[in-house]
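The following questions and answers concern a single protein structure. Please consider each in turn alongside the coordinates.

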Amino acid sequence: MAPVLHLRKELLNPPVERWATNSLIRTIVLPDDIEGWLQLRKRATAGLTPPAREWTGAEFMTQMVD
């Protein structure tokens, strides 16, 4: 069986909003941003074999927020 690598980082303060080239990096706004995150995950996992199952909004909350 292949080893599992788990990366973790503890945030001590809220992230600071910063401008990147043609992008704004900011803190997530819930529930408004859930659909965008679901679409990003769908695009990021599109080439996986076996294919990843799409998440629902409830699964996003469980996996990423809770």
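Q: In which loop is P50 found?
A: This is a predicted model, in which local features need pLDDT of at least 70 and side-chain atom pairs count only at pLDDT 80 or more, while totals for chains, interfaces and linings use all residues. Residues are numbered from 1 along each chain as its sequence is written, and side-chain values use heavy atoms, with hydrogens and water left out. Helices (H or I, at least four residues) and strands (E, at least two) are DSSP runs numbered from the N terminus. On that numbering, P50 belongs to the loop between helix 1 and helix 2.

Q: What is omega for the peptide bond that joins T49 and P50?
A: The bond between T49 and P50 is a cis peptide bond. Its omega is about -5 degrees.

Q: Which residue is joined to P31 by a cis peptide bond?
A: P31 lies in the loop between strand 2 (23-25) and helix 1. The cis peptide bond there has an omega of about 5 degrees, and the residue joined to P31 is L30.

Q: How far apart in space are H6 and P31, C-alpha to C-alpha?
A: H6 is found in the segment before strand 1 (18-20). H6 has a relative accessible area of 65% and is therefore exposed (over 50%; buried means under 20%, partly exposed in between, with a 1.4 Å probe and protein chains only). H6 and P31 are 25 residues apart in sequence, and their C-alpha separation in space is 27 Å.

Q: Is D33 buried or exposed?
A: The side chains of D33 and R26 meet in a salt bridge (2.8 Å, N to O), a term for a side-chain nitrogen of Lys or Arg within 4 Å of a carboxyl oxygen of Asp or Glu. R26 has a relative accessible area of 40% and is partly exposed. D33 has a relative accessible area of 16%, so D33 is buried.

Q: How many residues apart in sequence are the parts tied together by E54 and K42?
A: The side chains of E54 and K42 meet in a salt bridge (3.6 Å, N to O). Because E54 lies in the loop between helix 1 and helix 2 and K42 in helix 1, the pair ties together parts whose separation in sequence is 12 residues.

Q: Which residue forms a salt bridge with E59?
A: E59, at 22% relative accessibility, counts as partly exposed. The closest N and O atoms of the pair are 2.7 Å apart, and the partner is R53.

Q: Which helix gives the largest share of the lining of the largest pocket?
A: A pocket is an open set of points on a 1 Å grid over the protein atoms alone, where a 1.4 Å probe fits, with protein on both sides within 12 Å along at least five of seven lines; lining residues have an atom within 4 Å of a point. The largest pocket has a volume of about 300 Å³, and its lining includes R26, D33, W37 and F60. The largest share, three residues, comes from helix 2 (residues 57-65).

Q: What is the accessible area of the nonpolar patch on the surface?
A: Patch residues have over 30% relative accessible area and no salt bridge, and nonpolar side chains (Val, Leu, Ile, Met, Phe, Trp, Tyr) are joined within 5 Å. W37 lies in helix 1 (34-44) and, at 36% relative accessibility, counts as partly exposed. I28, L30, W37, L40, M64 and V65 form the patch, and together their accessible area (Shrake-Rupley method, 1.4 Å probe) is about 490 Å².

Note on methods. Grid points are joined across faces, edges and corners, and a volume is the space filled by probe spheres set on the points. Patches are made of residues with over 30% relative accessible area and no salt bridge: like charges are joined within 9 Å, nonpolar side chains (Val, Leu, Ile, Met, Phe, Trp, Tyr) within 5 Å.
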